[in-house]
Amino acid sequence: MTRTVVITGATSGIGRATAGAFAARGDRLVLAARSPTTLAEVREECRAAGAEVLDVPTDVTGDGELAKLADAAIERFGGIDVWVHTAAVMAYGRFEEIPERVFEHVVRTDLLASAAAARVALRHFRATGGGTLILTGSVLGHITAPYMSGYVASKWGLQGLARSLQQEARDTSGIHISIVSPGSVDTPVYQQAANYLGRIGRPPLPITTSQRVARAVVDCADRPRREVSVGRLNMVMRIGFTVLPGVYDVLVGPLMRLAGLTGRPVAPHDGVVFTPNPAGEAVRGGWLPDLGQLVRAVGELPGSVGTAVRRRLR
Ligand SMILES: NC(=O)c1ccc[n+]([C@@H]2O[C@H](COP(=O)([O-])OP(=O)(O)OC[C@H]3O[C@@H](n4cnc5c(N)ncnc54)[C@H](OP(=O)(O)O)[C@@H]3O)[C@@H](O)[C@H]2O)c1
């Protein structure tokens, strides 16, 4: 069955990979993010895969923007079956060194806009008899790490919100609410983040791909579950955080500095918290080797060796 799927955060990382995954299934897509140019690019990628696509430039923190997004989807496709909310931003820094306006906008984007999206989606689902809402959490909604306080607070808030909404929706069999919680994913979110720490962040190992998370999202749309965790060490970290909090707190700072930050210095900046950076948007963040490129390079190897040998023999 072809579904109408709204995806926020569709221009980069997990949201963009999710758009590709639903497009490959032939679903109708309504894509949203702030950058209209990248959104148009993603629209064309998804149309090339055979999907019907509407792109609606949207700032999820703007007054009434999510309602307008829903209206546009309903006007074009007659309703919404699945709403996937992935839009988010991050800010690195010690809590007291991150400007208040940056901290507050991270919470506005990551928590309050998720709530606003849920409100719009659930009102529509209640009026039409059902639908599936998929929120994007994080392993950082279950554990904590230093220097990312706004993001961590938002993801913990989102966990609580998702569970409350799931409990409220138990009275309507057609409404499903899932939260997909990844560990480290190879996306540009780390470079795009605001930074008041002086060192660029990175995803700690093990890192998974946006496409892997996208598959989990599509799977949730097919077979809704309360929560889906994507990441091999998520459960280990959660057990360590819960069972040995003292040990966890001793280790997490040094581990964060070792595995969660690069050595690359950076001057204080707001990243994409208030305005998008289309040049930095992509499915991949460049933290994992590009296997496609590797395979192409290996495929081109015989030709390159042949050319080199011919040159030598001349
Ligand atoms: N990457 C990871 O390791 C990881 C791990 C766990 C959870 N997650 C979660 O996965 C989700 C996607 O993250 P990602 O890593 O794919 O990030 P990303 O590559 O930086 O993509 C973020 C997306 O959100 C959009 N966005 C940001 N602010 C917005 C706003 N105000 N209005 C509308 N759209 C906005 C961005 O587009 P514009 O800037 O054009 O608006 C972009 O499309 C987030 O919820 C994140 O917390 C990521």
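I looked at the crossing of H1 and H7 and found it right-handed; a crossing is right-handed if the near helix is turned clockwise from the far one by less than a right angle, and left-handed if anticlockwise. I worked on a predicted model, where local features need pLDDT of at least 70, side-chain atom pairs count only at pLDDT 80 or more, and totals for chains, interfaces and linings use all residues. Residues are numbered from 1 along each chain as its sequence is written.

Helix H1 covers residues 13-24 and helix H7 residues 210-222. Helices here are DSSP runs (H or I, at least four residues), strands likewise (E, at least two), numbered from the N terminus. I read an angle of about 55 degrees, with the axes 8 Å apart. That makes H1 oblique to H7. Oblique is what remains after under 35 degrees (roughly parallel), over 145 (roughly antiparallel) and 65 to 115 (roughly perpendicular). Axes are lines fitted to C-alpha atoms, for helices over the stretch in contact, and angles run from 0 to 180 degrees between N-to-C directions.

Next I checked who meets whom (C-beta atoms, placed from the backbone, within 7 Å). Gly13, Ala17 and Phe22 are among the H1 residues, and Ser210, Ala214 and Val218 are among those of H7.

Then I turned to the ligand. I found 33 residues around the ligand, the closest being Gly9, Gly13, Arg34, Thr187 and Pro276. Near means a C-beta atom, placed from the backbone, within 6 Å. H1 gives the largest share of this shell, three residues.

Definitions and conventions:
Contact = placed C-beta atoms within 7 Å.
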